[in-house]
Amino acid sequence: MFQVQAPGKLILFGEHSVVYGKRAIATAVGLHTHCHIEASESLELELLDFGFKHCFKDPVVTEDQQVKVAVNAFLRIVKELDIDGCRLTVKSEIPIGSGLGSSASYSVVMCCALLLFKGEIELPLDQRDKQKINDYAFMSEQVIHNNPSGLDNTIATFGRSRLFRKNGKLEEIKDVDRFQFLLINSRVPKNTKHQVNQVKSRQETFEKPMNAILDAMDLIVENVCDVLKSGDQVKLGQLIQMNHQLLNCIGVGHEKLEIIRRICQEFDCPSKITGAGGGGFMLSLVKKNVTDLVQELETNGFDAFETSLGGEGVQASKTKQSSDKFKRIHRL
């Protein structure tokens, strides 16, 4: 029996501009997906967040599209590994559809657990093992998203923070973990496809000014890399504010996100959109004591929680506990 966990991810800088070949910084976020695998005579999958439990002796009956793709990804990997019997139980701390890499985190823990179960990799996980996990997780992501970039599963597997370059190369960035951040959920549902299409439409209509904004976002990423090395919180805060306003310029803001920004500003905590925008999450650079800020945000109807960035990737261990005990530990 094995237990596995992998982090989610967020785009620290470079949202939307990365679509146009610019640089972006992605980082592991301190929210995780957990899974437990044990032997079973049949093939079984339990997704605790969806109340879904199924033995694959029978046809899958569900109308939930997210469950369907998770099941299809699981079946693709067990077929690839020729596994006909195991029980996999999954629970996640990552809000579904939040832009925080929940599907990639699921893909990584699921593939890691199945590879360990099959004996394709061994503990402790080395770089070669992680590369194999990442390759299989990308296969899973292809089932879920059709044409993924591979960035999300790479962050979930290897962790840390990485600069994504125009040629697709990933370069590790250090020192992100020296800063403290707050993730704030606007509770406004986001639609990534709609936001991407909206930016595309604006770029086609106003090509020159939009290109100038996208170039400015790229330069902000360049400056952030230098500021992270120096540890200058003031300059990092200024770059966060600049990036947020540029994201507003390309049309991915929302009135609720501006309320969050103003509340954070009252506490001298710069904040920005993270992800597709139009709702979803804001990220705020904060100081040590955030109790009053969190209380004010919650009073205004938002969810806020401290999180670490740039942490470890996938981690696994042997366990003697049953899946029932795992479910009690990671209860809803």
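A residue counts as buried when its relative accessible area is under 20%. In this predicted model, Glu 38 sits at 9% relative accessibility, so it lands on the buried side of that cut-off. Leaving out residues up to four places away in sequence, Glu 38 touches Met 1, Cys 86, Arg 87, Phe 117, Ser 322 and Ser 323.

Neighbours within four places in sequence aside, Ser 42 is in contact with Cys 55, Lys 57, Asp 84, Gly 85 and Cys 86. Cys 86, then, turns up among the contacts of Glu 38 and among those of Ser 42.

Ile 220 gives another buried example, this one from a helix. It is found in α6, residues 207-230, and has a relative accessible area of 4%, so it counts as buried. Which residues does Ile 220 touch, not counting those up to four places away in sequence? They are Phe 13, Leu 239, Met 242, Asn 243 and Leu 246. Take Leu 239 from that list: it is 19 residues from Ile 220 along the chain, yet the C-alpha atoms of the two are separated by 6.6 Å.

Next come some backbone details in the loops. Asp 175 has a positive phi of about 80° even though it is not a glycine. It is found between β7 (170-173) and β8 (180-185), and its 27% relative accessibility makes it partly exposed. Arg 187, also not a glycine, has a positive phi of about 65°. This arginine is in the loop between β8 and α5, a helix spanning 192-205. Is Arg 187 buried or exposed? At 52% relative accessibility it counts as exposed, since the cut-off for that label is over 50%. A further loop, between α2 (102-118) and α3 (127-145), holds Pro 124. The peptide bond leading from Leu 123 into Pro 124 is cis, with omega near -5°.

Two packed helices are described by the angle between their axes and the distance between the axes. For α3 and α4, the axes come within 9 Å and cross at roughly 145°, and the crossing is right-handed. On the α3 side, the contact is made by Gln 127, Lys 130, Gln 131, Ile 133, Asn 134, Ala 137, Phe 138 and Glu 141, while α4 supplies Asp 152, Asn 153, Thr 154, Thr 157 and Phe 158. Sorted by class, this contact has 4 nonpolar, 6 polar and 3 charged residues.

Rolling a probe the size of a water molecule over the atoms shows where empty space is left. In this model, the largest pocket has a volume of about 1600 Å³. How many residues line the largest pocket? There are 43, and Ser 103, His 145, Asp 152, Lys 190 and Thr 192 lie nearest its centre. The elements giving two or more residues to the lining are β1 (2-13), α1 (65-81), β5 (86-92), α2, α3, α4 (151-158) and α5. By class, the lining of the largest pocket divides into 19 nonpolar, 17 polar and 7 charged residues. Asp 152 links the two parts of the story: it belongs to the α4 side of the helix contact, and it is one of the residues nearest the centre of the largest pocket.

Technical notes
Residues numbered from 1 in each chain as written. Predicted model: local features only at pLDDT ≥ 70, side-chain atom pairs only at ≥ 80, totals over all residues. Heavy atoms only, no water. Buried < 20%, exposed > 50% of the residue type's maximum accessible area, 1.4 Å probe, protein only. Contact = heavy atoms within 4.5 Å. 1 Å grid on protein atoms, 1.4 Å probe; cavity = no way out; pocket = protein on both sides within 12 Å on 5 of 7 lines; lining within 4 Å. Points joined across faces, edges and corners; volume = space filled by probe spheres on them. Nonpolar A, V, L, I, M, F, W, Y, C, P; charged D, E, K, R; others polar. Axes fitted to C-alpha atoms, helices over the stretch in contact; angles between N-to-C directions. Left-handed = near helix turned anticlockwise from the far one by under 90°.
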